[in-house]
Structures are given as structure tokens and as C-alpha cells.
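Student: I've just opened this model and I want to get my bearings. Walk me through what's around the ligands, please.

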Amino acid sequence: ALLEGTLALVLSVFFGVACFRRTKSGLHHELNRALDAGEFVAYLQPMMNREGTQVTGCEVLVRWMHPELGLIRPDRFIPLAEDSGLIVPMTRELMRQVREAMGPRAAALPPHFHFSFNIAASHCHDLSLIEDCRSFLAAFSANPVNLVLELTERELIVPDETTIQLFDELDRMGVSVAIDDFGTGHSSLVYLQQFKVDFLKIDQSFVARIGSDALSRHIVDNVVDLASRLDLSLVAEGVETPEQAEYLMARGVDFQQGYLYGCPVPLADFWLEAKLP
Ligand code: C2E
Ligand code: MG
Ligand code: MG
Ligand code: MG
């Protein structure tokens, strides 16, 4: 109740008290309204190959286009969307936007193009994710792509029967699993035992300090070592400078993502900015 109260207070200050009643149900109502109004929009950020020379995929990041407040970043509303269960239809809507925009043009994508979606802990207990992933992949059946689900660590994912069934089926469908923000939180290493993981995404806080801090370089080196021992692909996120990119390339990190290569942009702009054929 304290947490709810704090969230409600923070949000009502942030959005202006006029927008919301200071209740949880008021905030949930506002999120539902936004979903119905089509205000949640998929942005794409390019993911590059090891050398940083080719776009090999993208991460889908949600933005809330609020009619009065403009663009709202996900950190402001994802926790509430998780809490209210709205995260499930919201993710479905993002998948729909991406497949409708990209499906018809899939032939122009490089082979084995990756589409990476962030999946909340609460979503890992919901079997409807299977159908959503199936629909996504079906839109690319003529030119198959790789679908990756990034598990984030805001809340610990405690696998139950449903989770096991869900990830078994997703695995059979060829859907990949990434551990996001690897190295932060307390559960990353446990996830390696609990899920059949394909990718590690080393957290951007380590990448950011490559140039300034030997400890961060050691952590990066150790994650590279871990990924290679476990035969996992490694993605570095938050790459901003050529020096960071050089370091990661020299260590053999498989994929890079960050402002150095491209910011998250609306679907329509991705084709232009990512210089796809
Ligand atoms: P994340 O999945 O770790 O995504 C990376 C975040 O870093 C994104 O912030 C991205 O815009 C930002 N970023 C990318 N490159 C750079 C860089 O070079 N430097 C810096 N400083 N930042 C960079 P964003 O889009 O604000 O998303 C924040 C977090 O919100 C995400 O972290 C993810 O955990 C969550 N999120 C975003 N979209 C979704 C979604 O559709 N569903 C769920 N469940 N969570 C989402
Ligand atoms: Mg992510
Ligand atoms: Mg991350
Ligand atoms: Mg993050």
C-alpha cells in the first residue's frame, strides 16, 4: 500500500494532478485509455554486428506519446503497466505494430535479422505469449527472422509450472531468450540455470566505464569469458564512443548496440536511418 501510494503520488506530481485521481485505479484507467487510444508506440534501436559495420537486428522499446505531455520514457510507466497487468496487451500491441510495418518488407531485411522485445517478469507466467510470438513469426514466414525475448530484472522471475511450459514451447518455436542488463540485479546467474538462454546483454553501466575504470573492464572481460564457456551470444548495450566499440570488438563481443550506432527511432524512420536496402 505504501508503494502504491508512493507511485500514485510520484505519477500525479509528474503528470500534473489534474490528469489523474490519486488512486491506483485512476492510473490504471489512464494506462488503459492510452492503450485504446494507440498512444503506446514501438521505437526500434539497431543492433550491430561485431565490427559495428552492419545492422543485424533491432530492439523494440516502447514510447508513450501522451497527447498533453508528449513523449514519455518507459521507466516512468512500465512498473505500473506490470503491476496492472496491462504489460501483456501493451507488448502484444508493440508486436503487432512491428510485424505490420516490417512483415511486408521482410525480404529487404538481412538474413536472420533479430527482433528483440523486452518481456516483464509477470509476463513469464502468461501462456498467451505463445500465441503472440506465433503471430509475430507468421508475419515473417516467407523470410524468417529471429525473435528474441529479453528478460529484465526489475522483479525476480520465479518459474512455476506455467513458466516452464511457456519457455519449452517458445524454445520449440525457435524463439530465443536474452538476459538483459546482465551483471546487475541478483538473479542473472540463477536465470542461466532456469532458462535455456541464448544471449547475454551486458549492462550499459559496465560499457560506459570501459574507458575510465579497470574494474569495469575486468567485469566485461569476465562476462566475455562466461559467455564463451556457456556458448552464449553476447550483446553490449549502451555503446557510445569509438573507444568502447574498439575494446568490445577486440574482446570478440558478438553484437553492439548504442547511441554510437543509432538511437531508438519510430518504425518508419528505422528503414532510413539503419540504411537497410
Ligand atoms: P533496456 O531494455 O536495458 O534498454 C536499453 C535502454 O538504454 C533504452 O532505454 C535505450 O533507449 C537506452 N540506450 C540505448 N543505447 C544507449 C546508449 O548508447 N547510451 C545510453 N545512455 N542509453 C542507451 P529506454 O528506451 O528508456 O528503456 C528503458 C528500459 O525500459 C529498458 O531497458 C527496458 O528495461 C524497459 N522497457 C523499454 N521498453 C519496454 C517494453 O516494451 N516492455 C518492457 N517490459 N520493458 C520495456
Ligand atoms: Mg532490453
Ligand atoms: Mg538493458
Ligand atoms: Mg535496462
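This is a predicted model: local features need pLDDT of at least 70, side-chain atom pairs count only at pLDDT 80 or more; totals for chains, interfaces and linings use all residues.

Tutor: Strand 2 supplies the largest share of the shell around ligand 1, 4 residues. Strands here are DSSP E runs of at least two residues and helices are H or I runs of at least four, numbered from the N terminus.

Student: Ok. Which residues come nearest to ligand 1?

Tutor: Of the 27 residues around ligand 1, those are Arg63, Arg73, Asp180, Glu240 and Tyr259. A residue is near if one of its heavy atoms lies within 4 Å.

Student: And which side chains have polar atoms by the ligand's oxygens?

Tutor: Arg63 has a polar side-chain atom 2.8 Å from an oxygen of ligand 1, and Glu59 has one at 2.9 Å from a ligand oxygen. Gln204 puts a side-chain N or O atom 3.0 Å from an oxygen atom of ligand 1. The protein covers 90% of the 800 Å² of accessible area that ligand 1 has on its own (Shrake-Rupley, 1.4 Å probe). Strand 2 (55-66), helix 4 (87-102) and strand 6 are the elements giving two or more residues to the shell.

Student: Switching to metals. What are the protein donors of ligand 2?

Tutor: The magnesium ion (ligand 2) has Glu59 (OE), Asn118 (OD1), Glu150 (OE) and Asp180 (OD), lying 2.0 to 2.3 Å from it. Donors are N, O and S atoms within 2.8 Å of the metal (3.2 Å for Na, K and Ca), and sites may look incomplete as water is not among the atoms. The donor spacing along the chain is E-x58-N-x31-E-x29-D. Glu150 sits in strand 5 (residues 146-151) and Asp180 in strand 6 (residues 176-182), so this pair ties together parts that are 30 residues apart in sequence.

Student: Are those two buried or exposed?

Tutor: Glu150 is buried, at 1% relative accessibility, and Asp180 is buried too, at 4%. Buried means under 20% relative accessible area, exposed over 50%, partly exposed in between (1.4 Å probe, protein chains only).

Student: How far apart are the two magnesium ions?

Tutor: Ligand 3 and ligand 2 are 4.1 Å apart, and Asp180 coordinates both.

Student: What's the phi of Asp181?

Tutor: Phi of Asp181 is near 55°, a positive value in a residue other than glycine. Most residues other than glycine have a negative phi. His112 has a positive phi as well, near 60°; His112 is in the loop between helix 4 and strand 4 (114-119) and is exposed at 58%.

Student: Back to Glu59. What does Gln257 do with it?

Tutor: Their side chains make a polar contact at 2.8 Å. That term needs N or O atoms within 3.5 Å; within protein, one must be able to donate a hydrogen and the other to accept it, and residues adjacent in sequence count only if both are side-chain atoms. Gln257 is buried at 2%.

Terms used: Residues are numbered from 1 along each chain as its sequence is written. Chains are lettered from A and ligands numbered from 1 in the order in which they are written. Side-chain values use heavy atoms; hydrogens and water are left out.
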